[in-house]
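This report describes the surroundings of a ligand in a protein model.

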Amino acid sequence: MEQVQFTEENIRKLFGFEDAEGEPIERLRQYYFKNDSFEEVLSDLPLRLLVGHKGVGKSALFKVAMNEQQSQGHLTILIRPDDIAEIGEKHDTLLISINKWKFGLTSIITEKVLAQFGVSDDSFKGKIIQYGMKVTKLISDMAKPYLDEKVDFAPGKRLLVENFLKTEKVIVYLDDLDRGWQNRKEGVVMISALLNAIRDLSSINPGLSFKVSLRSDVYAAIRFEDESSDKFSGSVTWHAYSLHEIYVMLVMRVMSFLGQSINEENLKKMDQRKLSYFLEPIMDINFKGNGKWENAPIHNVILSLIRKRPRDIVKLCSLAARKARKDGARKITSAHWESVFEEFSQGVIHDTIVEYKTELADIERLIFGMKPSGKTKEASEVFNFQTAELKLKINKIIDRGAFRYANGKTASAQDLAQFLFKINFLTAWKRLDDGRIQRKYFEENNYLSSSFVDFGYNWEVHLAYRWALQPDTLEHILSRFSIVA
Ligand SMILES: Nc1ncnc2c1ncn2[C@@H]1O[C@H](COP(=O)(O)OP(=O)(O)OP(=O)(O)O)[C@@H](O)[C@H]1O
Ligand SMILES: [Mg+2]
């Protein structure tokens with residue numbers, strides 16, 4: 001088999017873009033991994049809310065779902081942050097904002113659907129009020145004359161218009177609307193108003209359905225601040241992947257890049273050691289570490305380093321492949337993983353601070369406060385805590401200044417422990433009777449629970465953060481990390 005050249009182009013083709021928006025749809029569909037969220041989002045209901053951490057794959061799912069629905073003849077449109085700029089920043093009161101959204105969305109949807117028909121006619125703007133937000137009726141009345149006048153529609157467009165006039169169905173995707181979102185009153189009002197406006201519009205227009213993506217922390221803030229938001233909880237799909245599923249994604253990318261045929265169901269059932277053989281053309285599948293990591297299967301290293309976010313594996317592999325190129329190498333070796341760990345760890349810390357700063361302004365002080373304080377414990381223990389030790393550690397950080405959530409609530413040590421678990425900074429683990437280690441990650445669907453229940457687990461700082469807290473060699477950091485069961 002001809003060896004791969006790690007050119008920038010190939011690295012992109014192999015591991016993809018960090019944001020799904022940048023990925024050509026043909027390439028994305030070749031390796032897109034479907035889990036239950038996909039079917040849930042596609043279900044024909046007025047509102048689907050896709051909630052998940054940054055980098056978990058919300059945009060990728062929307063991109064593939066839209067593409068599939070378009071190829072089935074459905075009329076779909078995508079609304080992104082730039083489209084809603086006109087709806088403005090000011091969101092003081094919920095009722096006024098709901099009307100702003102309803103008017104704004106009616107205008108944007110009509111404009112985008114007419115554009116898809118190949119019709120650019122702004123006269124609809126003056127009719128929105130009179131149509132009382134009946135978007136699909138407004139679009140029908142706008143489109144019909146064009147059909148009657150035998151306007152020369154571009155190929156396929158006439159069918160799209162005829163289909164629409166029959167079904168009056170439009171599927172509206174809203175992605176990334178929480179970009180630059182601030183956890184302040186306006187921010188909460190803005191999103192609550194949007195969700196209420198969508199509910200009203202889809203009840204006024206039976207053919208209109210919405211798919212909205214929201215970051216977990218944004219959705220949590222809405223749920224905390226706006227008690228009427230529980231009416232949306234039935235529409236929520238928590239978007240998450242297991243580490244195994246993310247490893248399968250990597251294998252599907254490499255196999256599709258190498259032109260191999262993929263059977264997703266088989267790959268899902270395959271254990272990670274076997275899966276690694278598909279990666280052999282581009283990386284050593286055993287890690288040249290020391291001690292328990294000597295000759296460790298590469299999946300153990302990769303899956304211990306990443307959080308449960310597909311973007312992490314894109315970043316980690318792209319960084320290592322670039323190192324390999326600089327090295328003139330045609331395969332990623334242990335030394336390449338070694339040499340990118342620092343950059344990867346700093347990137348994870350930076351992303352975490354950016355993502356959760358809206359929820360806890362002082363997050364940076366908390367995370368760096370978790371740095372090992374030299375004098376206390378054995379080196380191997382500095383990143384491991386029993387629940388009482390964890391609270392002790394956090395209380396010492398609180399002693400240097402209290403922490404307040406964006407909603408003004410003061411955070412207790414218990415709250416902060418829960419928060420660190422929720423943002424994947426901490427992982428829970430315990431040794432099973434047969435001596436193996438069992439790890440438990442925060443389950444996204446508990447995002448709203450504030451109870452920090454101690455199921456007899458210990459807590460450890462996720463490997464991805466360790467370098468930035470205590471610069472060290474990957475080898476040494478691994479030597480103090482127990483392999484996953
Ligand atoms: N199911 C999947 N199969 C393969 N790759 C995926 C899948 N889901 C996500 N990815 C990849 O993970 C990366 C991050 O995904 P995406 O940009 O969709 O995240 P996001 O949730 O929209 O993040 P953000 O909140 O920052 O917008 C992209 O490279 C994307 O291609
Ligand atoms: Mg996105």
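## Shell around ligand 1

At least two shell residues of ligand 1 come from each of α2 (25–31), α4 (58–71), α10 (243–257) and α14 (310–326); helices are DSSP runs of H or I with at least four residues, numbered from the N terminus. The model is predicted, and local features need pLDDT of at least 70, side-chain atom pairs 80 or more. Residues are numbered from 1 along each chain as its sequence is written.

The shell holds 23 residues, with Phe17, Phe33, Gly55, Lys58 and Ala60 the closest; a residue is near if one of its heavy atoms lies within 4 Å.

## Position between domains

Ligand 1 lies between domain 1 (34–238) and domain 2 (243–480), because both give residues to its shell. Domain bounds come from an automatic or database assignment.

## Polar contacts and cover

Polar contacts are pairs of N or O atoms within 3.5 Å. A backbone N or O atom of alanine 60 is 2.8 Å from a ligand 1 oxygen, and a polar backbone atom of valine 56 is 3.4 Å from an oxygen of ligand 1. Arginine 253 places a polar side-chain atom 3.3 Å from a nitrogen of ligand 1.

Notes:
Chains lettered and ligands numbered in written order. Heavy atoms only, no water. Polar contact = N/O pair within 3.5 Å; in protein donor to acceptor, adjacent residues only side chain to side chain.
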